[in-house]
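Here are my notes for you, point by point. Keep the picture open while you read.

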Amino acid sequence: MSAVPPSSQSAVPSDRPLRSQNSADQTSEAFDAIVIGSGIGGLVTATQLAAKGATVLVLERYLIPGGSAGYFERQGYRFDVGASMIFGFGSQGTTNLLTRALQAVNMNLETLPDPVQIHYHLPEQLELKVHRDYEKFLQELIAQFPHEAQGIRQFYDECWKVFNCLNAIELLSLEEPRYLMRVFFQNPLACLGLVKYLPQNVGDIARRYISDPVLLKFIDIECYCWSVVPATLTPMINAGMVFSDRHYGGINYPKGGVGQIAQKLVEGLEKAGGQIRYRSRVTEILMEQDQAVGVKLATGEVIRAKRVVSNATRWDTFKKLIPKDKMPRSEQKWQQRYHKSPSFFSLHLGVKAEVLPLGTECHHIVLEDWTQMESSFGTIFVSIPTLLDPDLAPEGHHIIHTFTPSWMEEWQGLSPKDYEEKKESMAAQLVDRLEAIFPGLAAGLDYQEAGTPRTHRRFLGRDDGTYGPIPSRKLMGLLGMPFNRTTIPGLYCVGDSTFPGQGLNAVAFSGFACAHRIGVDLGL
């Protein structure tokens, strides 16, 4: 079967047309800001700006908002397009960015707490659960590696030092000098702590405390499951957030599915006076005197704005939306330091409830061979959101969303028949591997739909279906990641191609920072 996320069966929010909406080569009214794409980073930027009083227009190429955080419906199942492991819905501190983004436009969303972040099924029968309770997690890990008890505590406690620095300050634009001065004078120790960790990677810090090679491989997959690179390439700032917030704010699943986050942000955007248009594919960022002044749609319509924000990947932004001769030299250098991560082969399954053993957790990582962790089809990610929200599936059934890294090159040049046969073959292999933890899975299937990197490229508009940028070589932590402003006046980027990187909470951070910088630039 062909994966088509999201489905036209899904409810499509209202689309308030603008003047000249479908008139080719016509110019629509000007806005303070246009946001290209309605991923979470773009929607947080838009809602934050609308809350400040800016006139904002979001242009989405597809039918519903959310991008990788969208949803689609099939035969009574509501599937998440992407991951179901959600950070950022805590109720305290400053790192609960999804909660704060919704509150900024007077929205809220019911969430369901997950007591275990991940159940790992690793080589040599290494089974571990990352419990929400920090001490319970440490005790389970130490039981597997008792000779590393001190090192385990020292490493994860150092991650807490990073998190405590982040959680002590308001997270806005690091490009805005007055903000930097204000937070430094309010909390100088936290700022100095972040400066210390900004150029560091997880692997170097882990090796200060830990020497067991298998435990270091576990730290690698702890990073890989969200950064898609091993610990040596994963910035310590990001790890401090993830490895600590899962015990602080916790993993919390939105009631109704991940797609509810984008739906609520859109509702808040419109209530705040902002606008969103669907089926509105931007084909060009318009430049006048080397400055971004608006966009052109596939229909030929031109819409002008004081500021243009791209929520597309940097490859889509600077190779497709900007004329090739206008790509800044700094961008060329960045694309040498970072390259596209793999995409994913995704399998959305509906299964009979009895397939899942009693006590099954919501999220799983399966890996049979450490040497294959970064290989295509090596690591398997599993989410079962119906264990938290049964209403997403028909009664007596569950959703299993499983995905594994895959490169676009593996799916190119195939005839339609060969493409479908390869999808069926890969789906069967994944199901067979998952039988190790879910015996009887194949016999219990009720629905199956596969997606490839080609599916992700088509429906999410991401170059090669990439998950985001990853370092081409070992870099100094996050120092190489660009902020929101580009060297093209009037043009900003937001999302996983900007600081601090991938993940819903991370792109929400990017959205807060981008809106703050634009707000200052516009004098809001």
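1. Is helix H9 largely enclosed by the rest of the structure, or is it open? Count its buried residues and you get 12 of the 13, so H9 is largely enclosed. "Buried" here means under 20% relative accessible area, with exposed over 50% and partly exposed in between (1.4 Å probe, protein chains only). The buried residues include Met236, Ile237, Phe243 and His247.

2. Before going on, a word on where this comes from. This is a predicted model, where local features need pLDDT of at least 70 and side-chain atom pairs count only at pLDDT 80 or more, while totals for chains, interfaces and linings use all residues. Residues are numbered from 1 along each chain as its sequence is written, and side-chain values use heavy atoms, leaving out hydrogens and water. Helices (H or I, at least four residues) and strands (E, at least two) are DSSP runs, numbered from the N terminus.

3. Back to H9 itself. Its 13 residues reach 18 Å from the first C-alpha to the last, close to the 18 Å expected at 1.5 Å a residue (the expected span is 1.5 Å times one less than the number of residues). After H9 comes glycine 250, which has a positive phi near 85°.

4. Now look at the helix beside it. H4 (residues 149–166) packs against H9 (residues 236–248) at an angle of about 95°, and their axes are 7 Å apart. That makes the two helices roughly perpendicular, a label for angles of 65 to 115 degrees (under 35 is roughly parallel, over 145 roughly antiparallel, the rest oblique). Axes are lines fitted to C-alpha atoms, for helices over the stretch in contact, and angles run from 0 to 180 degrees between N-to-C directions.

5. Which residues make that contact? Among them are Phe155, Trp160 and Phe163 of H4, along with Met236, Met241 and Tyr248 of H9. Contact means heavy atoms within 4.5 Å. The residues of this contact divide into 12 nonpolar, three polar and three charged; Ala, Val, Leu, Ile, Met, Phe, Trp, Tyr, Cys and Pro count as nonpolar, Asp, Glu, Lys and Arg as charged, and the others, Gly among them, as polar.

6. Next, the sheet. Seven strands form an open sheet in the order E7-E6-E15-E16-E17-E14-E18, with mixed pairing; two strands pair if DSSP finds at least two bridges between them. E7 (126–131) and E18 (445–451) are at the edges with a single partner strand each, so one side of each has no neighbour in the sheet. From one strand to the next, the twist averages 15°.

7. Zoom in on the pairings. E16 (residues 380–383) and E17 (residues 397–406) run antiparallel, joined by three bridges, and serine 383 has histidine 401 of E17 as its bridge partner. E14 and E18 are antiparallel too, over six bridges, with leucine 347 opposite alanine 450 in E18. Five of the seven residues of E18 are buried.

8. Finally, find tryptophan 370, in the loop between E15 (363–366) and E16. With a relative accessible area of 13%, tryptophan 370 is buried. What does it touch, leaving aside neighbours within four places in sequence? Its contacts are Leu122, Pro123, Leu126, Val214, Lys217, Phe218 and Ile221. Tryptophan 370 and phenylalanine 218 are 152 residues apart along the chain, yet their C-alpha atoms are separated by 9.3 Å.
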